[in-house]
Amino acid sequence: MSASPFYRLGYVANCLTLDLGASHTCRLAKATPRRLSELIEQNLAELEQILLFNEQRGIELFRIGSSLIPFASHPVNTLPWWRTYASTFDRLGRIARRSGQRLSLHPSPAGASLSSRHPHVREAALAELRYGARVLDLLGQGPEARVVLHVGGAAPSRPEALESAHRMLDTMPEDIRNRIVLEHDDKVWTAREVYPLAREHGVPFLADNLHNAVLPSLPVMPLDELLRASAASWQALGLRPKYHLASQKKDGRPGAHADLIEPADFRAVLDAMESPADLMLEAKEKDLALFALRQQPTRGERAGVLEEASP
């Protein structure tokens with residue numbers, strides 16, 4: 001028999017324990033080649049410290065901040081950063097791989113939209129996705145490492161926006177499409193709308209418990225059905241599922257992330273899971289929220305490992 005973790009926890013971008021974020025940037029007007037080089041070197045040095053921190057504490061899931069390479073998808077950045085810092089990326093990738101860290105990126109919805117009709121918006125989105133895919137490639141990450149992507153807006157109408165998303169996925173270069181995962185959101189596109197889009201194009205569908213509560217599907221998609229659909233989309237590609245886990249901030253706008261994960265939300269997701277998966281915590285307290293959640297009691301096989309037969 002071999003033991004496999006039923007769940008692994010990760011956090012997003014900033015390590016509050018170290019007070020590091022690896023996402024320093026500057027104003028566009030200040031983005032000279034010299035300044036960009038300085039920021040890239042600082043960010044890569046901080047990312048190394050974060051990956052080592054994660055390794056020491058058994059954290060196997062981490063989302064890299066989208067500004068690791070400032071203005072990477074903007075014409076102002078003319079640096080061949082992927083060549084200049086190739087050896088640094090190789091070193092960072094070795095740290096992540098030896099400690100089993102699954103990495104990801106998540107550009108802002110404004111930076112990468114699938115549903116726009118406008119060529120310049122689509123081109124900018126492709127440039128941003130190409131940057132994210134390149135970072136994961138340089139770090140030697142396997143196909144489970146993805147760039148998280150929302151569908152975008154719904155103008156001029158939902159059918160037309162959805163058709164634009166299908167068209168963009170149809171024409172997207174395969175190496176980029178193989179690095180993305182589609183997530184439903186809390187403002188425009190529900191899980192029942194995004195899941196079929198992802199499935200049709202052979203892309204994983206990422207489930208988010210808070211988004212599903214704030215913007216429910218019609219008919220409502222219960223949490224167990226949501227996670228089952230997401231898991232199936234990952235498993236169809238031979239990949240371990242990954243979900244987002246967040247709690248609603250009290251007195252915040254609907255969908256605002258709380259500082260910590262509510263134990264009830266954590267237990268609800270664990271109870272709804274039918275197979276091992278990774279949980280990316282979207283909480284304001286970042287790694288501190290992860291450590292707090294590690295102290296929460298769990299039940300049965302979800303308390304530690306799920307026993308599986310050895311191959």
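Leu44, Leu47, Glu48, Leu51, Leu52 and Glu55 of helix α1 touch Thr88, Phe89, Arg91, Leu92, Ile95 and Arg98 of helix α3. Contact here means heavy atoms within 4.5 Å, while helices (H or I, at least four residues) and strands (E, at least two) are DSSP runs numbered from the N terminus. This is a predicted model, where local features need pLDDT of at least 70, side-chain atom pairs count only at pLDDT 80 or more, and totals for chains, interfaces and linings use all residues. Residues are numbered from 1 along each chain as its sequence is written, and side-chain values use heavy atoms, leaving out hydrogens and water.

**Exercise 1. Work out how α1 and α3 pack.**

Step 1: find the helices. α1 covers residues 33-56 and α3 covers residues 86-98; their axes come within 9 Å and cross at roughly 15°. Axes are lines fitted to C-alpha atoms, for helices over the stretch in contact, and angles run from 0 to 180 degrees between N-to-C directions.

Step 2: name the arrangement. α1 and α3 are therefore roughly parallel to each other (under 35 degrees is roughly parallel, over 145 roughly antiparallel, 65 to 115 roughly perpendicular, the rest oblique).

Step 3: get the hand. The α1 and α3 crossing is left-handed: the near helix is turned anticlockwise from the far one by less than a right angle, whereas clockwise would be right-handed.

Step 4: sort the contact residues. Between α1 and α3 there are 7 nonpolar, 1 polar and 4 charged. Ala, Val, Leu, Ile, Met, Phe, Trp, Tyr, Cys and Pro count as nonpolar, Asp, Glu, Lys and Arg as charged, and the others, Gly among them, as polar.

**Exercise 2. Do the α9 and α10 pair.**

Step 1: α9 (residues 223-235) and α10 (residues 263-272) have axes that come within 9 Å and cross at roughly 60°.

Step 2: α9 and α10 are therefore oblique to each other, and α9 passes α10 in a right-handed crossing.

Step 3: Leu223, Asp224 and Leu227 of α9 make the contact with Ala268, Val269 and Ala272 of α10. That gives 5 nonpolar, no polar and 1 charged.

**Exercise 3. Trace the two sheets.**

Step 1: start with the open sheet of 5 strands, ordered β4-β3-β2-β9-β8 with parallel pairing. Two strands pair if DSSP finds at least two bridges between them.

Step 2: look at its edges. β4 (102-104) and β8 (242-245) each have a single partner strand, so one side of each lacks a neighbour in the sheet. The twist averages 25° from one strand to the next.

Step 3: zoom in on one pair. β3 (residues 61-63) joins β4 through 3 bridges in the parallel sense, and Leu61 sits opposite Arg102 in β4.

Step 4: turn to the open sheet of 3 strands, β5-β6-β7, also with parallel pairing. Its edge strands are β5 (147-149) and β7 (205-206). β6 (residues 180-183) and β7 share 2 bridges, with Leu182 opposite Phe205.

Step 5: α4 (residues 119-138) lies across β5 and β6, at about 150° to β5.
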